[in-house]
Structure formats: structure tokens, C-alpha cells
Amino acid sequence: MKKDKFIARDLGTGGIKASLFSADGVSLCGFFRQYGTYFPKDKHIEQRPSDWWNAVCHATRQLLEGSCTQPCEIACIALSGHSLVAVPLGAGGNVLAEQVPIWCDTRAGQEAAEFFDRISYEDWYSVTGNGDPPETYTPFKLMWMKRHQPEIYEKAHVVLGSKDFINYKLTGVLRTDPSYASGSGTFSLLKWQYEKRFMEAAGECGLLPGTRDVLMKDMGDSPDIYLARLGDRMETEKL
């Protein structure tokens, strides 16, 4: 059976959009599934990584079943997701918080102000290209976590964004890409790497994932292997 189809998924703020395409770009099937956003306190805007994963599993099943497509026909899987998210994982890959702050969460205003006492806003902006409101960016959320949730921060091995978390669930690889890293608040657009002095000023060296230019190139497995893993997890997790 030919590998002549690909799946594209986008983890949006309101839900997942997933589509199946032929090799020449014709849309064969599309699906949307909503997931919740939670507002536990003023300026706290959170989602559940488990909801993203459940949505990915469900959307993938719907695309394959709705188009009578077999996993072995999938040549490529693409994924995007909303940025400025902080999903803390422990050393064993376990998620340390049921709900995590998303891009529009602004709880870290004090932490951002403290950062800019050490690093000028103009310097930060010229290096990263990131802008307003700065308190939405990941390093300031990590500073807030360190202060207000030390029991989580101290156990954290890495902090992932939304689509990087899903990639990890599918592949076991803890990586991001330069495009997503550019929204981390610490990534130099000229050097194409994290700016060490910004990370030190935020006190979070080592928690952001490394970058890869082409993630699939280094993985070795074909997309149907990931879909098989996804199928196994859909059964074992009863999604």
C-alpha cells in the first residue's frame, strides 16, 4: 500500500484542528474537537495537557476511520500548537501539573519586572524579537513557578510547549524546533540558540528543551510507527 497521505494537526487555544491530505494537497477529511480552558484565579489561564493528548488521539481515529485510511498509508505527520506554554515534566517523563499556563496567562507580572531589572527591555527585544506583554513568556512563568510552586519546579526535568509535549508523547523525544523556541523569551534570532545570559537572569538554565532543525530526520521511524503507538495508547488509556 502506497504512503501517499499526510496528517496535519494544530493545537489551537479552543481545540484541535486535524486534517488528512493527499500527496497533491487535496483535503480528504477534517475534524475539530474542543477542549476546556480554566480560570482558577485572576490572570491565571490554564489548560490540561491530558486534554490535548485525548484530542489528538480522538482526532486521529476520526480521520483514519472517516477516510478509510490505514496507518501504513501515512507518509508524514505535521503538528503545530499554541506557544508560550509551560508543561513541566519530571525525570521519568511524567507531567507534574494537571493544568498549565497557556499563552494568554499573565500571572508573572512581578517576575517579568524583576527580570527587566537585570536585563533591559530593549536588549531583550532586540535579541529575541519577543514583545508585549512580556509576562506571558515562558521564562517568567518558570520564575513564577519557582516562587509559588517550588514542589513542582524542583522536580522538573524539562518544560515543554504544547506541540512539543504531543511530539514527546508520540516519539519519546524531548526536543523543540527553532521556530517554536523563538517564542520562548530566551532565544536569539541571530545565533539560533538560547541566550545564556537571559536564561541565567531568569534562573531557569537547563529546563527548556534542545532544538532540532528537522525533527523527523533524526527519528528513524516512519509515521505509521507513531500511529501504531498512538493506537496502542488510545486503547490502553481508553480515550
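The model is predicted, and local features need pLDDT of at least 70, side-chain atom pairs count only at pLDDT 80 or more, and totals for chains, interfaces and linings use all residues. Residues are numbered from 1 along each chain as its sequence is written, and side-chain values use heavy atoms, with hydrogens and water left out.

The protein chain has 9 helices and 12 strands; these are DSSP runs numbered from the N terminus, with helices being H or I of at least four residues and strands E of at least two. Of the 239 residues in the chain, 49% are buried. Buried means under 20% relative accessible area, exposed means over 50%, and partly exposed lies in between, with a 1.4 Å probe and protein chains only. Contact means heavy atoms within 4.5 Å. Among contacts between residues at least 6 apart in sequence, 67% join residues at least 24 apart.

In soluble globular proteins, nonpolar side chains tend to be buried together. A nonpolar core is a set of buried Ala, Val, Leu, Ile, Met, Phe, Trp, Tyr and Cys residues joined through side-chain atoms within 4.5 Å. The largest such core here has 47 residues, and Leu 11, Trp 52 and Ile 166 have the most contacts inside it. Helix α1 supplies the largest share of this core, 8 residues. Another core, of 15 residues, lies apart from it and includes Phe 115, Trp 124, Met 143 and Ala 201.

Two packed helices are described by the angle between their axes and the distance between the axes. Axes are lines fitted to C-alpha atoms, for helices over the stretch in contact, and angles run from 0 to 180 degrees between N-to-C directions. Helix α1 (residues 49–67) and helix α6 (residues 162–171) have axes that come within 10 Å and cross at roughly 60°. The two are therefore oblique to each other; angles under 35 degrees count as roughly parallel, over 145 as roughly antiparallel, 65 to 115 as roughly perpendicular and the rest as oblique. On the α1 side the contact is made by Pro 49, Trp 52, Trp 53 and Val 56, and on the α6 side by Ser 162, Phe 165, Ile 166, Lys 169 and Leu 170.

The second pair is helix α2 (residues 109–118) and α4, whose axes come within 8 Å and cross at roughly 115°. They are therefore roughly perpendicular to each other. Residues of α2 that meet α4 include Phe 115 and Phe 116, and those of α4 include Met 143 and Trp 144.

Some backbone positions stand out. The peptide bond from Asp 132 to Pro 133 is cis, with omega near -10°, and Pro 133 is in the loop between α3 (121–128) and α4 (138–148). Cys 68 is not a glycine, yet has a positive phi of about 55°. Cys 68 sits in the loop between α1 and β5 (74–81) and is exposed, with a relative accessible area of 66%. Trp 192, also not a glycine, has a positive phi of about 55°. Trp 192 belongs to the loop between β10 (187–188) and β11 (193–194), and is exposed at a relative accessible area of 52%.
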